[in-house]
Amino acid sequence: MAFKPLHDRVLVRRVESDDTTKGGLIIPDTAKEKPQEGEVVSVGAGGRDEDGERIALDVKAGDRILFGKWSGTEVQIEGEDLLIMKESDILGVIE
């Protein structure tokens, strides 16, 4: 992909949730909530501190993350729906 986020921003691909519940009920598209789990596609170089030194990000491409329900900005890059968000919007990394 020919897109690299700047500073402390992260490019994320949402991970799609299941179409059925544990009990076997099928969830229609209109009733689904957007997943709050994603995979990091690309990361920026990091922010800068007061001295101008780079602060490295804690996430890297390929990490599975959890983020807030209203986090990030939805964008379409090369026909794919992605999110751009700040690292501070990420709640944690799934190991």
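This is a predicted model: local features need pLDDT of at least 70, side-chain atom pairs count only at pLDDT 80 or more; totals for chains, interfaces and linings use all residues.
Which residue forms a salt bridge with Arg 13, and how far apart are the closest N and O atoms?

Residues are numbered from 1 along each chain as its sequence is written, and side-chain values use heavy atoms, with hydrogens and water left out.

Now to that pair. The partner of Arg 13 is Glu 39, with 3.8 Å between the closest N and O atoms; a salt bridge here is a side-chain nitrogen of Lys or Arg within 4 Å of a carboxyl oxygen of Asp or Glu. Arg 13 sits in strand β1 and Glu 39 in strand β2 (residues 37-43), so this contact ties together parts that are 26 residues apart in sequence. Strands are DSSP runs of E, at least two residues, numbered from the N terminus. Arg 13 is partly exposed at 28% relative accessibility, and Glu 39 is partly exposed at 30%. For those words, buried is under 20% relative accessible area, exposed is over 50%, and partly exposed is in between, using a 1.4 Å probe and protein chains only.

The count comes to 5 salt bridges. Another one joins Glu 74 and Arg 14, at 3.6 Å from N to O. This pair links strand β6 with strand β1, 60 residues apart. Then there is Asp 63 with Lys 60, whose closest N and O atoms are 3.1 Å apart. Here Asp 63 is buried, at 11%, whereas Lys 60 is exposed, at 52%. Shared partners also join Arg 13, Glu 39 and Glu 80 into one network of salt bridges.

Let's step back to the sheet. It is open and antiparallel, with 6 strands in the order β6-β7-β1-β2-β5-β8; two strands pair if DSSP finds at least two bridges between them. At the edges stand β6 (73-77) and β8 (90-94), each with a single partner strand, so one side of each has no neighbour in the sheet. Between β6 and β7 (residues 80-86) there are 5 bridges, and Glu 74 stands opposite Leu 83 in β7.

Most residues other than glycine have a negative phi. Glu 78, in the loop between β6 and β7, has a positive phi of about 50 degrees, and this residue is exposed at 63%. His 7 also has a positive phi, near 55 degrees; His 7 lies in the segment before β1 (9-14) and is partly exposed at 45%. Thanks, everyone!

Definitions and conventions:
Helices (H or I, at least four residues) and strands (E, at least two) are DSSP runs, numbered from the N terminus.
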